[in-house]
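Student: I would like to go through this chain with you. Could we begin with the terms and then turn to the details?

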Amino acid sequence: MKQNDKKSAEDIIKYVGGIENISSLTHCVTRLRFVLKDMSKISQKNIENIPVVMKALETSGQYQVVIGPRVTDIYELIMGEIGNEPLESDVTENNEKIVDKIMSTISAIFTPYINILAAAGC
């Protein structure tokens, strides 16, 4: 873990609207995947100016922050800040079924690999 990772993790939390705005957080190979309570609290420009952040975007009801290969380090630091306990669930507020949420997450994880598999002829 690099020394600036802690500051980067704190800045990401701050610019997504703070701990109280985070409903859930997961990660895949390169991205942090936030489910936020209020997307209007995001400070897009500030997030994109954080040195470890390659890109940030809103997609499929998630706010995704592309970190690259150090995503696990940043994820662990953020979870350390917000606590490793499960975050408040917004399933009832969004009227979204758990199965839909799981399928959405699985789809979001594998979508970047579709082109690679197609090119490989799999």
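Tutor: Two strands count as paired if DSSP finds at least two bridges between them. Helices (H or I, at least four residues) and strands (E, at least two) are DSSP runs, numbered from the N terminus. This is a predicted model, in which local features need pLDDT of at least 70 and side-chain atom pairs count only at pLDDT 80 or more, while totals for chains, interfaces and linings use all residues. Residues are numbered from 1 along each chain as its sequence is written, and side-chain values use heavy atoms, with hydrogens and water left out.

Student: How do S1 and S2 pair?

Tutor: Strand S1 (residues 22–27) and strand S2 (residues 31–36) are antiparallel, with five bridges between them. A hairpin of three residues links S1 to S2. Within this pair, Leu-25 is placed opposite Phe-34 in S2.

Student: In what order do the strands of the open sheet lie?

Tutor: The order of the four strands is S1-S2-S4-S3, and the pairing is antiparallel. S1 and strand S3 (55–59) are at the edges with a single partner strand each, so one side of each has no neighbour in the sheet. On average, neighbouring strands are turned by 20° against each other, direction ignored; the axes here are lines fitted to C-alpha atoms, for helices over the stretch in contact, and angles run from 0 to 180 degrees between N-to-C directions.

Student: How many bridges join S3 and S4?

Tutor: S3 and S4 pair over five bridges in the antiparallel sense. Thr-59 stands opposite Gln-62 in S4.

Student: What about the chain overall: how many helices and strands does it have?

Tutor: There are six helices and four strands in the chain. Starting at the N terminus, the elements follow the order α-β-β-α-β-β-α-α-α-α. Of the 122 residues in the chain, 34% are buried, where buried means under 20% relative accessible area, exposed over 50%, and partly exposed in between (1.4 Å probe, protein chains only).

Student: Turning to H3, which of its residues are buried?

Tutor: The buried residues of H3 are Val-71, Ile-74, Tyr-75, Ile-78, Met-79 and Ile-82. They cover an arc of only 135° around the axis, which puts them on the same side of H3; the arc is that of the directions from the helix axis to the C-beta atoms. H1, S1 and S2 are among the elements that cover these buried residues.

Student: How far does H3 reach from its first C-alpha to its last?

Tutor: Helix H3 (residues 71–82) has twelve residues and reaches 16 Å, close to the 16 Å expected at 1.5 Å a residue. The expected span is 1.5 Å times one less than the number of residues in the helix. Just after H3, Gly-83 has a positive phi of about 100°.

Student: And H1, which residues are buried there?

Tutor: In H1, the buried residues are Asp-5, Ser-8, Ala-9, Asp-11, Ile-12, Ile-13 and Tyr-15. The buried residues of H1 pack against S2, helix H2 (44–48) and H3.

Student: What does Ser-8 touch?

Tutor: Ser-8 is in helix H1 (residues 4–15) and has a relative accessible area of 4%, so Ser-8 is buried. Not counting residues up to four places away in sequence, Ser-8 touches Ile-50, Val-52 and Ile-74, contact meaning heavy atoms within 4.5 Å.

Student: Which residues of the largest nonpolar core touch the most other members?

Tutor: They are Ile-12, Leu-32, Phe-34 and Ile-78, in a core of 25 residues. H1, S1, S2, strand S4 (62–66) and H3 each supply at least two residues of this core, and the largest share, six residues, comes from H3. A nonpolar core is a set of buried Ala, Val, Leu, Ile, Met, Phe, Trp, Tyr and Cys residues joined through side-chain atoms within 4.5 Å.

Student: Is Leu-32 buried or exposed?

Tutor: Leu-32, found in strand S2, is buried, with a relative accessible area of 0%. Leaving aside neighbours within four places in sequence, Leu-32 has contacts that include Ile-12, Leu-25, Tyr-63, Val-71 and Ile-78. Leu-32 and Ile-67 are 35 residues apart in sequence, and their C-alpha atoms are 7.3 Å apart in space.
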